Amino acid sequence: MDELKTKAKVIRKHIINATTEAGSGHPTSSLSGVEIGVALYFGGLMRYDAQKPDFPDRDRFILSKGHAAPLLYALLAEAGYFSSDQILTLRKLGSPLEGHPNTRRLPGVEASTGSLGQGLSLGLGHALVGKMSGRKFHTYVMLGDGEIGEGQVWEAAMAATKYRTDNLTAIIDQNGYQQTGSTEEVLDLQPLRPKWESFGWRVQEINGNDMEEAYNALKKTQEVEGQPSVIIASTVKGWPIQDVLSEQNHHGKPLSKEEADKALELIGA
């Protein structure tokens, strides 16, 4: 667990440095999902091979909230898909590290995302292929709590239950904010648990910025049979540097060099 927490600091350092260097991007949206991502990729929960990124039995991770691409890029770099030096090319002309993940440009990216609300449908497609082909891989989809207001998410949720896709896990990064304001103000879907349960999903609620809770919840999803799983991860946008930020909903804005230095000092990176 200590190693995972140390890795989380490294991932946060990459996110902050990349977005500050680029002068654009979504650092706070990326920071809130770090514990989930680190537990998956470095906790022995997800099967992958950076040297063979397309091998058929790999587990899949789809970042439906594609604007949090710096999180995915940092995870992939640390997992060995490409050199971590490349992270500082985020959003630069010609770089495969585009503003949103592009599966045609970077190994390890399972789906091109950014048009919000589509990721769970893509993940369901992967899960169904696994079922139909008899392969044992698991598909994980991270969604933002803003995008789950879109109807396609709930169409996918219904279909996943119909086809008993116990090889599919949705993770809701519930950081309470989206582009134009708080999710409570824009479209209040609380409480989430009974909604997902009514759609036939196995539900866990956790503190998504607690590494141990994130790891244990993800591990439990591998034991579920006959139904899809969802982890409702309560997180803080920008965790743990929210006190450095100039506003509560610091969405789609890079940190200044001074803010970045303070943030890196705060997380001990």
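## Terms and basis

A residue is called buried here when its relative accessible area is under 20%, exposed when over 50%, and partly exposed in between, with a 1.4 Å probe and protein chains only. Helices (H or I, at least four residues) and strands (E, at least two) are DSSP runs numbered from the N terminus.

The model is predicted, so that local features need pLDDT of at least 70 and side-chain atom pairs count only at pLDDT 80 or more, whereas totals for chains, interfaces and linings use all residues. Residues are numbered from 1 along each chain as its sequence is written, and side-chain values use heavy atoms, with hydrogens and water left out.

## Overall fold

The protein holds 10 helices and seven strands. Its radius of gyration, taken over C-alpha atoms, is 17 Å, close to the 18 Å that the globule rule (2.2 Å times the number of residues to the power 0.38) gives for 269 residues, so the protein is as compact as a globular protein of that length. Of these 269 residues, 55% count as buried.

## Helix α4

Nine of the 10 residues of helix α4 (residues 69-78) are buried, so this helix is largely enclosed by the rest of the structure; among them are Ala69, Pro70, Tyr73 and Ala77. The cover over the buried residues of α4 includes α1 (2-22), α2 (27-31), α3 (34-42), β1 (60-63) and β2 (139-144). Just after α4, Gly80 adopts a positive phi of about 100°.

## Thr183

Thr183 lies in helix α7 (residues 183-186) and, at 14% relative accessibility, counts as buried. Leaving aside residues up to four places away in sequence, Thr183 is in contact (heavy atoms within 4.5 Å) with Asp145, Gly146, Gly176, Tyr177, Gln178 and Asp188.
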